[in-house]
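Subject: Structure handover

Hello,

Here is the structure we spoke about. Please open it first, then read the notes below.

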Amino acid sequence: MPSLLFEQGAPGRGGDFVRGAGKPSQYLDAAALRADLPLPDLTELDVARHFTELSHRNFSVDTNFYPLGSCTMKYNPKLNEAVSAFAGFTDLHPYAPDDGAQGAIRLLAHMERTLASLFGMDAFSLMPAAGAHGEITAMLMAKKYFKDRGEHERLTCIVPDTAHGTNPASAAMVGYNVVSIPSTARGRTDLSALRAKLDGSIAVCMMTNPNTLGLFEDEIVEMTASVHDAGGLMYYDGANANAIVGITRPGDMGFDLMHLNLHKTFSVPHGGGGPGSGPVGANARLSPYLPSPMPARDASGAYVWDEQRPKSIGMVRAFPAHFLAIVRAYAYIIVHGADGLRANSQLAVLNANYLRAKVKKFLTVPYDDHCRHEFVCSAEQLKKETGVRALDLAKGLLDAGVHAPTMYWPHVVPECLMIEPTETENRHTLDAFVETLRELVVYAHEDPAAVQQRPLHTPVRRVDEAQVGRLANKGIGLRWSPPSSDGNA
Ligand SMILES: Cc1ncc(COP(=O)(O)O)c(C=O)c1O
C-alpha cells in the first residue's frame with residue numbers, strides 16, 4: 001500500500017536529485033540558511049511512518065542475502081552490540097586518564113595479544129580505522145624502516161594483479177612506484193615474473209591472500225623467501241582472513257607486515273567501505289615502527305598507554321583505537337574461541353565452494369579451482385550469446401531481494417561477478433540464490449531485453465548510464481536539494 005506521504009518507488013518528496021551544475025545548492029545559499037526553515041505541517045505519526053518506511057528501504061544482511069565478494073557481509077551477532085553498549089564502555093571519555101580507563105586499556109591489550117597469536121605476528125596496532133588505512137600505515141612503517149637503514153633507493157612496491165585495488169593506491173599514496181605482476185593461468189601470482197622484478201629498488205611486495213579470485217597463493221613461502229633475499233619486505237593484506245583464521249598464519253609464511261579488517265573477519269558492522277577497524281601487525285624487526293601509543297603494563301602491573309617508542313611512526317589518527325569496533329570484535333573472538341574461529345573459516349570456504357560447484361553449471365568459472373571464501377564467475381559467454389552482461393544479472397538479483405555481488409573486479413576476468421556467501425548463510429539460502437541466478441541466465445536466453453530492464457521492484461530503478469557518463473565527463477555531479485515548503489522538490 002503506497003504511503004500517503006511518498007509515492008512508491010520515487011526518491012520521495014523529502015528531497016530529489018538535481019543537477020548541481022556549478023550553482024550553489026540551496027543548502028549552500030547563505031540567505032536560505034538564515035531564513036526560517038520551511039518545516040512541513042506533519043503529525044508525529046506522519047513522521048514516524050516516513051522514517052519507518054525509509055528504514056525499510058535499507059538493505060542489510062539482517063534481512064537479505066548479501067553475497068558482496070571481497071566485502072564479507074556476514075551476520076554480526078547481536079551479542080557484539082549488547083557488549084559494546086555496556087555503560088562502562090560507552091560512557092568512558094576518550095581523554096580519561098589511564099587509571100580511570102583500566103578495563104578499556106586491558107581489553108585493548110588482550111585484543112592486541114590475541115591478534116598477535118592468531119596471525120603469528122610480534123605485535124599489532126589497533127589504531128588504523130579501516131583496511132586501506134592499515135595498508136597506508138604499514139607502508140609508512142616500511143618507509144621509515146628503510147630510511148633508518150639508509151636504504152633510500154628502495155622505492156618500488158610490487159603488487160600482483162590479483163591484489164585488492166586499495167593496495168596499489170596505498171603504495172602510491174606514500175610515494176612508492178607501483179609495479180604490477182601478472183597472474184598465471186591458475187590465478188596465482190607468477191613467481192618467475194615476481195623474481196624477475198626483484199632488484200635493489202624493491203621496498204615491499206603487497207600480497208592479498210587469498211587473492212581477489214578467492215584463491216590461496218600456494219607458492220607463498222617461495223615468494224616471501226625471494227623478496228627477503230632481495231632485501232624487500234613482505235606485506236600481507238589480511239582483509240580476507242575470514243578464510244584462514246585458525247588454519248594458517250601470515251607470520252609463519254614469513255610476512256613482515258599485515259593488516260586485518262576487523263569489520264569483515266571479526267563481524268563488526270561496516271558499509272560503504274567503513275568505518276571499521278584495520279589493525280596492523282608486524283614481526284619483531286618491524287614492530288618498533290608501529291603507531292604509538294600502544295597498550296602496555298607498567299612495573300606495578302597497571303595498564304598504560306606506552307608512548308616511549310622512539311622508532312614509531314607516531315599517531316595515524318586522533319585516538320589509539322576505534323574502541324567500540326574492537327569491543328565487538330573481541331566479543332566475537334571470546335564467544336567463538338580458537339575452535340569456533342577455525343570452524344567459521346572452514347564453513348566460509350565450504351559455502352563458497354558449494355556455490356562455485358553449482359554456479360559453474362550455467363556460468364563460466366574461469367579459475368575453477370578449490371577456492372577459499374569467495375569465487376569469481378564470468379558472464380562473458382552469456383554476453384556474447386544474448387547481450388546480457390554481468391551488470392544485468394546483478395540488477396536482476398536485486399528484484400529477488402539479493403544484494404548484487406561485486407562486479408567487474410578483479411579486472412583479470414571480463415564480465416565478472418565476485419561472490420562471497422560467508423559462513424553465516426545456510427544451505428537453503430545458498431540454494432535459493434543459485435536458483436535465482438540460474439533463472440536469470442535462462443531468462444536472458446529467452447528475453448534478453450526484459451532482463452536488461454531490471455530491477456523492476458526496487459525503490460530506485462536503473463539510472464540512465466549514458467546520461468550519468470555525459471554529466472561526469474562535464475564534471476557535473478548529482479546533488480540533493482531540500483524540499484520546498486509545499487513539499488515539492
Ligand atoms: C582484500 C581487501 N583489502 C583491503 C580492503 C580495504 O578495506 P577498507 O574498505 O576497510 O578500507 C578490502 C575491502 O573490502 C579488501 O577486501
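Thr406 has Met418 in strand 13 as its bridge partner. Keep in mind that this is a predicted model. The bridge belongs to the pairing of strand 12 with strand 13 (residues 416–419), which is antiparallel and spans 2 bridges.

The loop between strand 12 and strand 13 holds Pro410. The peptide bond from Trp409 to Pro410 is cis, with omega near 5 degrees.

Look at strand 5 (residues 202–208) and strand 6 (residues 233–238). They pair in the parallel sense, over 5 bridges. Val204 has Leu233 in strand 6 as its bridge partner.

**Nonpolar cores**

In soluble globular proteins, nonpolar side chains tend to be buried together. Here the largest nonpolar core has 52 residues. Met111, Leu115, Phe119 and Phe266 touch the most other members. Several elements give two or more residues to this core, including helix 5 (102–119), helix 8 (191–197) and strand 7 (257–260). Strand 5, helix 9 and strand 6 are also among them. Helix 12 gives the most, with 11 residues.

What does Met111 touch, leaving aside its neighbours within four places in sequence? Met111 is in contact with Leu126, Leu262, Ile326, Ala329, Tyr330 and Ile333.

A second, separate core has 36 residues. Leu215, Ala352, Val434 and Val441 are among its members.

**Aromatic rings**

The count of aromatic pairs is 11. One of these pairs is Tyr145 with Phe146, which is edge-to-face. Their centres are 5.1 Å apart, with 70 degrees between the planes. Tyr145 is buried at 6% relative accessible area, and Phe146 is buried at 3%.

Phe266 and Tyr332 also pair. Their ring centres are 6.3 Å apart and their planes are at 70 degrees, so this pair is edge-to-face. The pair links distant parts of the chain, 66 residues apart. Phe266 sits in the loop between helix 11 (262–265) and strand 8 (280–282), while Tyr332 is in helix 12 (residues 323–359). Are these two residues buried or exposed? Phe266 is buried, with a relative accessible area of 0%. Tyr332 is buried too, at 5%.

Lys143 lies over the face of Tyr176, at 5.4 Å from the ring centre.

**Backbone points to check**

Most residues other than glycine have a negative phi, and most peptide bonds are trans. A few places here deserve a look against that background.

- Ser267 is not a glycine, yet has a positive phi of about 55 degrees. Ser267 lies in the loop between helix 11 and strand 8. Ser267 counts as buried, at 1% relative accessibility.
- Thr72 has a phi near 50 degrees, again a positive value in a residue other than glycine. The loop between helix 2 (44–56) and helix 3 (78–84) holds Thr72. Thr72 is buried, with a relative accessible area of 2%.
- Arg454 and Pro455 are joined by a cis peptide bond, with omega about 10 degrees. Pro455 is in the loop between helix 16 (448–453) and helix 17 (465–473).

Best regards

Note on methods. Residues numbered from 1 in each chain as written. Predicted model: local features only at pLDDT ≥ 70, side-chain atom pairs only at ≥ 80, totals over all residues. Heavy atoms only, no water. Pairing = 2+ DSSP bridges. Helix = DSSP H or I, 4+ residues; strand = E, 2+ residues; numbered from the N terminus. Phe/Tyr/Trp six-rings, centres within 6.5 Å; stacked < 30°, edge-to-face > 60°. Buried < 20%, exposed > 50% of the residue type's maximum accessible area, 1.4 Å probe, protein only. Lys NZ or Arg CZ within 6 Å of the ring centre and 35° of its normal. Core = buried A, V, L, I, M, F, W, Y, C linked by side-chain atoms within 4.5 Å. Contact = heavy atoms within 4.5 Å.
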